[in-house]
Amino acid sequence: MKRTYAILLVVLLPFSLFAQDQEANTLKVQGSAQIEMMPDLFQFDLRFNVTTEAQRQSIDSLNDMTDYMIKCLTKKGKISKDSLKTIGFYTNINDNQYRPEVKTTYTASQTLQLKIGADKEQIIKLLNVIADTNLPVNVNTSSYFSDKAKAKSEEALIKAAFENASRQAQMLASAGNFEVGAVRSVDYTQGEPFQVNALARMESMAMKSSDDRSFANFNLAPQEFQKSIRISYFIHQKKN
């Protein structure tokens, strides 16, 4: 047993020395970057809910409202029908079996979804078109990024993270009286991947006046992106 233990020490010792050699003359720093960017795409979700005493009537009324909204958006808002789609359709029975004095009703619901480029003037125009319909619709808006915009942002983030890491390495080299050489390795998985940091900020809307449903202003909010990269540099003692 003792002989086996001695053999293991002999075998493992070169590997340990090899691992230490790999870390020698190396400086590791973590470069971080954070940027703000305006979204380039915008989405409207128009939710219709219709409740009547007959199921067929609720569905027909829902379809009429949706068709009218589509007509207004395509004609007044100059929106292509290809930009519109309906999602989330359902019907529900409001059974009042415990209150016989209240009639059973039926609710039909669906969402009309519209995706456009994040153009402020067009967004205001469409908000006013939607308001002018006077339909009982819940309007939710959101902004987001195309794949092209994400790629552009990620490229900027990586460049900024490398610059941040380089500055840290040079500061440490100055304090430690050594020189920073070439990059030895890069760990791209360190820190958080490219993503929106927390939740996107809410867009702000403003009505012209309390008795006017027209929109006078709409502000898109920038969103924050962040990235961290761990970089190893070769280092050398300064030559006298």
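Before I start, note that the model is predicted.

I begin with the sheet. It is open and has four strands, in the order β3-β4-β2-β5, with antiparallel pairing. Which strands stand at the edges? They are β3, residues 84-94, and β5, residues 137-144. Each has a single partner strand, so one side of each is left without a neighbour in the sheet. From one strand to the next, the twist averages 15 degrees.

Now look at β2, residues 41-52, and β4, residues 105-117. These two run antiparallel and are joined by 12 bridges. To find one on the screen, take Phe42: its bridge partner in β4 is Ile116.

Helix α2, residues 55-75, touches β2, β3, β4 and β5, and its direction makes about 20 degrees with that of β4. Helix α3, residues 120-132, touches β2, β4 and β5, and its direction makes about 10 degrees with that of β2.

The two helices also pack against each other. The angle between α2 and α3 is about 145 degrees, and their axes are 10 Å apart. Their crossing is right-handed. Which residues make the contact? From α2 they are Met69, Cys72 and Leu73, and from α3 they are Leu126, Val129 and Ile130. Sorted by type, the contact of α2 with α3 has six nonpolar residues, no polar and no charged.

Is Ala173 buried or exposed? The cut-off for buried is under 20% relative accessible area. Ala173 has 4% relative accessibility, so it counts as buried. Leaving aside neighbours within four places in sequence, Ala173 is in contact with Phe178 and Val180. Ala173 and Leu27 are 146 residues apart in sequence, yet their C-alpha atoms are 9.3 Å apart in space.

Last, the end of the helix. Just after α4 comes Asn177, which takes a positive phi of about 60 degrees.

That is the end of the talk.

How values were computed. Residues numbered from 1 in each chain as written. Predicted model: local features only at pLDDT ≥ 70, side-chain atom pairs only at ≥ 80, totals over all residues. Heavy atoms only, no water. Pairing = 2+ DSSP bridges. Axes fitted to C-alpha atoms, helices over the stretch in contact; angles between N-to-C directions. Contact = heavy atoms within 4.5 Å. Left-handed = near helix turned anticlockwise from the far one by under 90°. Nonpolar A, V, L, I, M, F, W, Y, C, P; charged D, E, K, R; others polar. Buried < 20%, exposed > 50% of the residue type's maximum accessible area, 1.4 Å probe, protein only.
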